[in-house]
Amino acid sequence: MHKFYFDKNININWFILLGLLLHILASYFTIGYFNEDEHFQIIAPLEKLLNIENTLTWEFDSKIRPWIQPYFYYGIIKSIDFLNINNPFTLSFILRLISSLIGYFSIIVLYNHLKLRLNLDNNFSKLLIFGFWFYAFLHARTSSENLSISMLIFGFVLFDKFISFENQKNKFVVAILSGLFLGLSIILKFQIIISIFFIFVWFLFFKLELKKLKYIVTNSTLILFTLFLGLVFDYYGYGSFNNTYYKYYYANFVAKWFESFGIDPWWYYLKILIEQFFPPINIIILISIIFFWIKNLKNILTFLTLPVIITLSILSHKELRFLFPVLIFSPFFIGYFFSNTKKFFGKTFLLNLVIIFNILFMILLVIPATEQVKVYKFLYNNDVKNNKIYYYEDNPYIINDLEPKFYTNDLPNISELPLGLEYTNSYIILRDLKIYNKILEKGNCNSVFSVYPEFINKNNNWKDRKFNWYVIYCN
């Protein structure tokens, strides 16, 4: 296998095709969202633009969130009006697919930029990079993290081109495009400014030349112009001029709202990484990242990742998704580690381990990111408007005290299940397996939908967690 991984070289188009299929697969099946912000800070304002009556989160009341991504998705939906697509699940698939293809293209660009410099032109690196489960999953998200990281990759690759390559043609155009993408990445996710700041630090430390300053000025000017453009979208979103960047800074670092979400120790990201991201391969990822940093201290990729880890570790509140601008390079770091080390004891075993676990984690590409949204899709597709809809204990329409109206707007009202009555012409939605079985004992009630196959109930741990949703119909 070691010889297959590093000595033979299959045409890259096969790997690109594999990645494309995985991205399409994830876009179709992973309905819903990975984090609530993906819906309530992106799709919820889109609901407003589509004249769907809803309630936005407190961040929009405080005017600290950007509107450019909701307007981007609004533009996509309006551009296909002529197709008369009213199904929200078809529309959300289109939004996920477009987001996914943008993200995947950024990985193709990144690989082509780094493959020779990092010695990644081998089967192992290509198989891992283009077949990485996390790429397909993340890129199918309509989240600010996804699009902002994609813009960051485009921007920093172009930045490296006009700074590092003397024979690069049309440097002013490249500098302009780089500034546009870097500016967009900041607008989409304000924390990305950490990565971009240290790109310029890298330039000052290692690439500073008088003849390059004109390109830096051009690049910086386009970043500022793009940030101003973001305020234009915010003007229309909020209905008045709003300095969203300052309000975000003030709310989180002066008023210290950021700390209200929790204060974690500086080492907490290590705990999160080990517990939550791609175990047990996360140990190999960690070793590979450190290996790369040590070997390439002056590399732009080091300045794009190491300072981010340090800065985020200093900040109080910590979440795995905040690490995505670093974890996005995981297969590149792993590929670099194995491609630039001599054959050692257990190397082939570790290579196979990475590939096998990557395949195992692909199960995440065919299950919903949010189980409730799968329930909404069932109700929508089965035209239940003439039926009564009940829930037991957990209302599937309410998530964190808010309703994802993009999906539920066309569904009938739902009410709490009145236990002890006879249910006729009714759908009952629940998670409690005991109550589920009790209702099925009634002669007129049948199971019509389950988010996950019911064989998962053989695992007591999964059964007790109540993560599956069932739909019963009583005639």
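Biologist: Which residues in H10 and H12 meet?
Modeller: In this predicted model, the H10 side includes Phe172, Ala175, Ile176, Leu180 and Ile187. They belong to a set that meets residues of H12, among them Tyr215, Thr218, Leu222, Ile223 and Gly230.

Biologist: How do the residues of that contact divide into nonpolar, polar and charged?
Modeller: The contact of H10 with H12 has 12 nonpolar, 7 polar and 2 charged residues.

Biologist: At what angle do the two axes cross, and which hand does the crossing have?
Modeller: The axes of H10 (residues 171-188) and H12 (residues 213-238) cross at roughly 35 degrees and come within 7 Å. The crossing is right-handed.

Biologist: Turning to the sheet, what is the order of the strands?
Modeller: The order is S2-S1-S3-S5-S4, in an open sheet of 5 strands with mixed pairing.

Biologist: Which strands stand at the edges?
Modeller: Those are S2 (414-416) and S4 (445-450). Each has a single partner strand, so one side of each lacks a neighbour in the sheet. From one strand to the next, the twist averages 30 degrees.

Biologist: In what sense do S1 and S3 pair?
Modeller: S1 (residues 388-391) and S3 (residues 426-430) pair in the parallel sense, over 4 bridges. Within that pairing, tyrosine 391 has isoleucine 429 of S3 as its bridge partner.

Biologist: What does helix H20 touch on the sheet?
Modeller: Helix H20 (residues 371-381) touches S3, S4 and S5 (470-474), and its direction makes about 120 degrees with that of S4.

Biologist: And which strands does H22 touch?
Modeller: Helix H22 (residues 433-440) packs on the sheet against S3, S4 and S5. The direction of H22 makes about 20 degrees with that of S5.

Notes:
Residues are numbered from 1 along each chain as its sequence is written. This is a predicted model: local features need pLDDT of at least 70, side-chain atom pairs count only at pLDDT 80 or more; totals for chains, interfaces and linings use all residues. Side-chain values use heavy atoms; hydrogens and water are left out. Axes are lines fitted to C-alpha atoms, for helices over the stretch in contact, and angles run from 0 to 180 degrees between N-to-C directions. Helices (H or I, at least four residues) and strands (E, at least two) are DSSP runs, numbered from the N terminus. A crossing is left-handed if the near helix is turned anticlockwise from the far one by less than a right angle, and right-handed if clockwise. Contact means heavy atoms within 4.5 Å. Ala, Val, Leu, Ile, Met, Phe, Trp, Tyr, Cys and Pro count as nonpolar, Asp, Glu, Lys and Arg as charged, and the others, Gly among them, as polar. Two strands pair if DSSP finds at least two bridges between them.
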